[in-house]
Amino acid sequence: MDFASPAQRACYERVAGFLRELYGEGLMVDATTPSFGVRVGSAWVNVWVRPGAAGGPVVITRAWLVTGTDLTPDFLHHLLSEAAKPALAAYGLDAGDDVYLEHSLPGEGVTLAQVRASVESVAAEADRADDMIVARFGGIRMTDKRV
């Protein structure tokens, strides 16, 4: 596995320890990239340790919510309205127009409490939001998608 800096490697090792402590055998570790996956409730959550723009590492927590939702003005307005509410995570669209929820933390000095809050907040909001989006705007929950 390649790291952009010693700081990214140290952050990865710290986050790996935190996630193992929190999720034990349920934690999936990617052997090729500095990332992890874990099921929390009905949500599948990914955690990456990436190099940040300012040179320090960044911990990114993301849960994909739905795929196949028509990007109507009403739906996009809904996402922007949700993004304006005080929350720990923000909505986004990936290159395939799949909807996700994401939170980022500065990696240097990241704590167990911060990683736990990031993962649990993203998972809880994902669990709520995916059902609501499918019911109101259509699409398929990512947790129901067959690969």
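The largest pocket is lined by 13 residues, of which Trp 44, Trp 64, Met 142, Thr 143 and Lys 145 lie nearest its centre. A pocket is here an open set of points, on a 1 Å grid over the protein atoms alone, where a 1.4 Å probe fits, with protein on both sides within 12 Å along at least five of seven lines; lining residues have an atom within 4 Å of a point. The model is predicted: local features need pLDDT of at least 70 and side-chain atom pairs count only at pLDDT 80 or more, while totals for chains, interfaces and linings use all residues. Residues are numbered from 1 along each chain as its sequence is written, and side-chain values use heavy atoms, without hydrogens and water.

The space in the largest pocket amounts to about 230 Å³, a volume being the space filled by probe spheres set on grid points that are joined across faces, edges and corners. Strand E3 (43-51), strand E4 (57-67) and H3 each give two or more residues to the lining of this pocket. Helices (H or I, at least four residues) and strands (E, at least two) are DSSP runs, numbered from the N terminus. By class, eight lining residues are nonpolar, two polar and three charged; Ala, Val, Leu, Ile, Met, Phe, Trp, Tyr, Cys and Pro count as nonpolar, Asp, Glu, Lys and Arg as charged, and the others, Gly among them, as polar.

E3 also takes part in two antiparallel pairings, where strands pair if DSSP finds at least two bridges between them. Six bridges join E3 to E2, and Gly 37 has Asn 46 of E3 as its bridge partner. Two residues separate E2 and E3 in their hairpin, in which Gly 41 has a positive phi near 65°. E3 and E4 are likewise joined by six bridges, with Val 49 opposite Val 59 of E4. Their hairpin has five residues between the strands, and Gly 55 in the turn shows a positive phi of about 100°.

Strands E5 (residues 90-93) and E6 (residues 99-106) are antiparallel and share four bridges; Leu 93 is partnered by Val 99 in E6. The loop between E5 and E6 contains Asp 97, which has a positive phi of about 65° although it is not a glycine. Asp 97 counts as partly exposed because its relative accessibility is 38%, the class between buried (under 20% relative accessible area) and exposed (over 50%), with a 1.4 Å probe and protein chains only. Ser 104, in strand E6, is also partly exposed, at 39% relative accessibility. Its C-alpha atom is separated by 6.6 Å from that of Val 58, 46 residues apart along the chain.

Helix H3 (residues 112-137) has 26 residues and spans 36 Å from its first C-alpha to its last, close to the 38 Å expected at 1.5 Å times one less than its number of residues. Among its buried residues are Leu 112, Val 115, Val 119, Val 122, Ala 126, Ile 133 and Phe 137. H3 is followed by Gly 138, with a positive phi near 85°.

The largest nonpolar core has 37 residues, and Val 15, Leu 19, Val 45, Leu 65 and Val 119 have the most contacts inside it. Helix H1 (6-23), strand E2 (35-40), E3, E4, helix H2 (73-83), E6 and H3 each give two or more residues to this core, and H3 gives the most, with nine. A nonpolar core is a set of buried Ala, Val, Leu, Ile, Met, Phe, Trp, Tyr and Cys residues joined through side-chain atoms within 4.5 Å.
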